[in-house]
Amino acid sequence: MSTTAEPVVVIVPGLRGHVADHWQTLLANRLAEAGRTVYTVPPLTEEPLSREARVAALDKVVSQTAGPVVLVAHSAGVITTVHWARTSTARVLGALLVTPPDFGTPLPEGYPTPAELGENGWTPVPRSPLPFPGVVAASSNDPLGTAERVAGMALDWGAALVELGEVGHLNPASGYGPWPRAEELLRDLEAG
């Protein structure tokens, strides 16, 4: 446990799970090296596309923490977070929700189809206000969700929208390993 009064940071990855050079992994390492308590929701070994299993994994991590948490979610981790928020009573100070995918439209080749997402409980994506403050960091050229649709999600969730410009899906395939802005947005979220 950290000796500071800072909240625990919980990293919520997307469907691809752990990627060593992903900004979330690098952020978790930097925060831990700075003395922060950081937990990452582990990848699923069974039923990797199950929304219910991913929500349960997030709930397990959060329930094992003492004190308040701040969530840092990317891609489908954002959708996991908003599904989890519907029933959780955990003390969450806020959530950084980065490049949420639009599961209401077909995704590019190599990603689950709308039918697969529906069969695994991902749709419909909750659109009610989150019970904690949120910041949605959106890309203007994300292949997994248009800026307009992501802005609509942010509005419905009651989250602030931060437009990042052309950053693709903000993952290694888009040229992002380190993403220093994540720490800035996290600090702003924690400061209220």
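This is a predicted model: local features need pLDDT of at least 70, side-chain atom pairs count only at pLDDT 80 or more; totals for chains, interfaces and linings use all residues.

Biologist: Why is the pair of W23 and W179 called edge-to-face?

Modeller: Their ring centres are 4.9 Å apart, and a pair needs centres within 6.5 Å. The planes stand at 70° and the label applies over 60 degrees, so the pair is edge-to-face. W23 sits in helix α1, while W179 is in the loop between β6 and α6, 156 residues apart. Both are buried.

Biologist: What makes F103 and W122 an edge-to-face pair?

Modeller: The centres lie 5.8 Å apart with 80° between the planes, and the cut-offs are within 6.5 Å and over 60 degrees. F103 is in the loop between β4 and α4 and W122 in the loop between α4 and β5, so the pair ties together parts 19 residues apart in sequence.

Biologist: Why is F103 called buried?

Modeller: Its relative accessible area is 5%, and buried means under 20%, so F103 qualifies. W122, at 0%, is buried too.

Biologist: Which residues have the most contacts inside the largest nonpolar core?

Modeller: They are V10, L71, W84 and W157, in a core of 36 residues. Helix α3 gives the most to this core, with six residues. W84 touches, among others, V55, L58 and F132.

Biologist: What makes R54 the charged member of the largest cavity's lining?

Modeller: Arg counts as charged, so R54, one of the lining residues, is the one charged residue beside six nonpolar and three polar. The cavity's volume is about 70 Å³.

Notes. Residues are numbered from 1 along each chain as its sequence is written. Side-chain values use heavy atoms; hydrogens and water are left out. On a 1 Å grid over the protein atoms alone, a cavity is a set of points where a 1.4 Å probe fits but cannot get out, and a pocket is an open set with protein on both sides within 12 Å along at least five of seven lines; lining residues have an atom within 4 Å of a point. Grid points are joined across faces, edges and corners, and a volume is the space filled by probe spheres set on the points. A nonpolar core is a set of buried Ala, Val, Leu, Ile, Met, Phe, Trp, Tyr and Cys residues joined through side-chain atoms within 4.5 Å. Buried means under 20% relative accessible area, exposed over 50%, partly exposed in between (1.4 Å probe, protein chains only). Helices (H or I, at least four residues) and strands (E, at least two) are DSSP runs, numbered from the N terminus. Contact means heavy atoms within 4.5 Å. Rings of Phe, Tyr and Trp (its six-membered ring) pair if their centres lie within 6.5 Å; planes under 30 degrees apart count as stacked, over 60 as edge-to-face and the rest as tilted. Lists of a residue's contacts leave out its neighbours within four places in sequence.
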